[in-house]
Number of protein chains: 2
Amino acid sequence: MPVGTKATVKGLHPDRLRAAGASVVLANTYHLFFKPGADTIEALGGLHRFMGWDGPILTDSGGFQVFSLRHTITQADAEGVTFRSVYDGDLARFTPELVADVQRRLGSDIAMCLDVVPPPGVPRAELELSVARTSDWARRQLAAPRAEGQLLFGISQGGVDPELRRRSLDEISELDFDGNALGGLSVGESREAMLETVDWAAPALPPGRPRYFMGVGDPEGILDVIERGVDLFDCVLPTRLGRTGTALTREGRLNLKNARFARDPKPLDEECACGACSRFSRAYLRHLVGQHELLGLILLSEHNVRFLLDLTAGARTAIERHEFGRYKADVVERLGSATAGQEVPS
Amino acid sequence: MPVGTKATVKGLHPDRLRAAGASVVLANTYHLFFKPGADTIEALGGLHRFMGWDGPILTDSGGFQVFSLRHTITQADAEGVTFRSVYDGDLARFTPELVADVQRRLGSDIAMCLDVVPPPGVPRAELELSVARTSDWARRQLAAPRAEGQLLFGISQGGVDPELRRRSLDEISELDFDGNALGGLSVGESREAMLETVDWAAPALPPGRPRYFMGVGDPEGILDVIERGVDLFDCVLPTRLGRTGTALTREGRLNLKNARFARDPKPLDEECACGACSRFSRAYLRHLVGQHELLGLILLSEHNVRFLLDLTAGARTAIERHEFGRYKADVVERLGSATAGQEVPS
């Protein structure tokens, strides 16, 4: 899912997003709650019409943003969490009922539960409390009104603590959600510890419902969690890298600021059919990036989104053909070889 | 002609530029000479392939940039002009032969002569010298090699001094150019003084050749010079306004930062069919602009380019129907009434 934080996938017109192969787009409840406000979006016909995207939209609950911005929290209790907005410092309070109502008014296709996301390495007692509150809030949000046809996904917490993660999984899984997510991972723990948890936690999610891993977006990481049974992910990586002049390619990352591209007539990625690769050279993109031209950001963002969508489409096909292991090994080998190649001075 | 200063019309993918109705695009020899360099663009197959634009391209000579950046000039003599680059401060020297060669290597469809552009209000002797050198340089550039099929336009100087403007017109008009331009206007003199000169100077240009007025881009100004017989103009106004959150509309300019648009479901301009107006509300565009989202700049830039191209297409049709006077009066009246409306606090 490409990320449209503030009701736009940065740099991509919805038509280009569609052309890149996007299906579900993610938008952030935290940001839209403040700017422009759920009431405004509702008055304008809902989020789909507002942002000109007629495909599915998943809205997160805002929990991740609030708990990541720990210094803005003034009170976290059993009922909800009070914090100062990053926009104007005004106090706001999120509860399961509030975020349900905001997402109802946004009219997203998939709403997410408000969860308590502790930082990595917290004392076990705090982690245990976050699991208990996340379960309690999940039950409350399940009982709250939703938009017509809106799905609701539950989120388990528990960090990389096997007992607490298992407890959270069990408590969330027994509730009647339309899909399930693993939250509170990729928040600072090692990649190994994260994957060790996903190893057993993803297969333990309720069968027959989509499984969403919150917080991985690099090509290898995506394949790592797909391998463990995950269906959905989101990440700002492709557009963020695009805005810093970096392209994701089958041969590894290209930093377009590198002088070796100054007269390179090749596309970013010879196997890509995106709007950048089908028409423009690395030399032109390097020129645009070097001159801080908007079109450079636009083209690189579209390319990177397309690259990750192609990667996951390839993974889906490989799974259907029972060839995922080979697909992943091939992709990772090419990514790795090229990263090494990039370190050779040119 | 939308302006693609550095081989890109800021914020517009070539496909969107085409969709907006663009035909000729202008690119700047000064900037491309330094970044990425004419040799690089030539090595990559020329400017059309480099920037992905298969329509006509007009390249200016760089004269306007050099003489506008007066403080960078270290020597101006009969042979050429030496100056320090705005990119790295290195010395560079433009002569008619050099800019002919640069434009030959860029491979533009229309090349422009290197002219001497004096600032407004210079002593008459300096203006007279600029006229003489511009004519001499025009003859030299006419003799220089060009790209195959490349057209060359001459430029007259003389400011708003009737005698010197007439002398320059006569000297340039007798040379075998493919088109003619009025240069050295809109450089600080009053709009009245400028139009007074265009009044007699545009009709005095050689018949049967395109007439290009360098340096007007606001809707009224464009109609003012069309009325006096001008065929071509260029201006950065539409994309520059777009990047500052301002939309050109048939009802005047809209500053999208204005709170009155917060819930406005209307398109920027109800009569516009651009990629912004066909899908997005003023409220969404205001949100994007307020949040510094790239898509806001992209959509406003496309809209503004389309608006000016529609304006000139309308003028062409009106001329063919012998209704230009009424067309202009109607357009100007609507623009004016709305500007007044905008000043009412809301």
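This is a predicted model: local features need pLDDT of at least 70, side-chain atom pairs count only at pLDDT 80 or more; totals for chains, interfaces and linings use all residues.
User: How do you know which residues of chain A are in contact with chain B?

Analyst: Two residues count as in contact if their C-beta atoms, placed from the backbone, lie within 7 Å. By that test, 32 residues of chain A are in contact with 32 residues of chain B. Among the elements giving two or more residues are helix H3 (38-43) and helix H13 (294-320) of chain A. H12(A) gives the most, five residues. By class, this side of chain A has 16 nonpolar, 10 polar and six charged residues.

User: Why can one say that the copies meet through the same surface?

Analyst: 100% of the interface residues of chain A are also interface residues in chain B, so the surface is the same.

User: What makes S4(B) and S5(B) a pair?

Analyst: Pairing needs at least two bridges. Strand S4 (residues 81-84) and S5 of chain B have four, in the antiparallel sense, so they pair. B:Val81 stands opposite B:Phe94 in S5(B).

User: Why are strand S3 (73-76) and strand S5 (91-94) of chain B said to stand at the edges?

Analyst: The open sheet runs in the order S3-S4-S5 (chain B). S3 and S5 of chain B each have a single partner strand, so one side of each is left without a neighbour in the sheet.

Methods: Residues are numbered from 1 along each chain as its sequence is written. Chains are lettered from A and ligands numbered from 1 in the order in which they are written. Ala, Val, Leu, Ile, Met, Phe, Trp, Tyr, Cys and Pro count as nonpolar, Asp, Glu, Lys and Arg as charged, and the others, Gly among them, as polar.
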